[in-house]
Amino acid sequence: MHDDGPDAFDAFGQEPFDDEEFTEQEDEQGDGAGEFEDALLEEELRQAAAVLDPVPADLRQFAMDAYALYDLDARLAELTFDSLVDAIPVRGAMDVPRMLTFTAGELSIDVEVTSEGLMGQVMPPQPAGIEVLNGLQALRPTTLTADAMGRFTSDAPPTGPFALRLRAGGEVVVTEWLRA
């Protein structure tokens, strides 16, 4: 240790804390107000970083793909039909639902995506839990339940990139990521 001399704190017009004053300072900060201020500061820093140094779109896509792989035991359901690519357009039809079919072995998932939400069916029919992984909300997915006939619905349409994670009969199946 080095000695700053007796007048080191005089330049700032204050005396060093003694043990009693230091304990009082800690007690005042221990009431939870510091945590609230920390959360506000963290949010302000997040907003500043989003404006000054946004995450590149490619990096965001890589992160979503990596998150989808966190469950390595999951099988990947391949997109076997997409009405945007495979269907013949009908003249004059407006706001046509997008029809998707994903296949993983004997299991298939048929999904209809509209501006009002999505609905679908698991084949062969069986009860299942389905998570809609939706872009930025992938960490907090929307959870749907398929009934005994394998049918499921959601009133919230997916926005941006989305994927489905199906859990049925001890098996986990994840679809490819698509844009809504």
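## V111 and its surroundings

Not counting residues up to four places away in sequence, V111 touches R98, M99, L100, F102, L118, M119, G120, F152 and L164; contact here means heavy atoms within 4.5 Å. The model is predicted, so local features need pLDDT of at least 70 and side-chain atom pairs count only at pLDDT 80 or more, while totals for chains, interfaces and linings use all residues. Residues are numbered from 1 along each chain as its sequence is written, and side-chain values use heavy atoms, with hydrogens and water left out.

V111 is also part of the largest nonpolar core, which has 22 residues; V111, I130, F152 and L166 touch the most other members. A nonpolar core is a set of buried Ala, Val, Leu, Ile, Met, Phe, Trp, Tyr and Cys residues joined through side-chain atoms within 4.5 Å. At least two residues of this core come from each of strand 2 (98-104), strand 3 (107-114), strand 4 (117-123), strand 5 (128-134), strand 6 (142-146) and strand 8 (161-168). In soluble globular proteins, nonpolar side chains tend to be buried together.

R98 lies in strand 2, and R165 is found in strand 8. R98 counts as buried because its relative accessible area is 12%, and R165 counts as buried at 1% relative accessibility. Buried means under 20% relative accessible area, exposed over 50%, and partly exposed in between (1.4 Å probe, protein chains only).

Their polar contacts are listed below. A polar contact is a pair of N or O atoms within 3.5 Å; within protein, one must be able to donate a hydrogen and the other to accept it, and residues adjacent in sequence count only if both atoms are side-chain atoms.

| Arginine side chain | Partner | Distance |
|---|---|---|
| R98 | D82 side chain | 2.5 Å |
| R165 | E131 side chain | 2.5 Å |

Leaving aside neighbours within four places in sequence, R98 is in contact with D82, S83, L84, V111, E112, V113, L178, R179 and A180.

## The chain as a whole

The secondary structure comes to four helices and 10 strands, where helices (H or I, at least four residues) and strands (E, at least two) are DSSP runs numbered from the N terminus. Along the sequence the pattern is α-α-α-β-α-β-β-β-β-β-β-β-β-β. Of the 180 residues, 27% count as buried. Among contacts between residues at least 6 apart in sequence, 52% join residues at least 24 apart.
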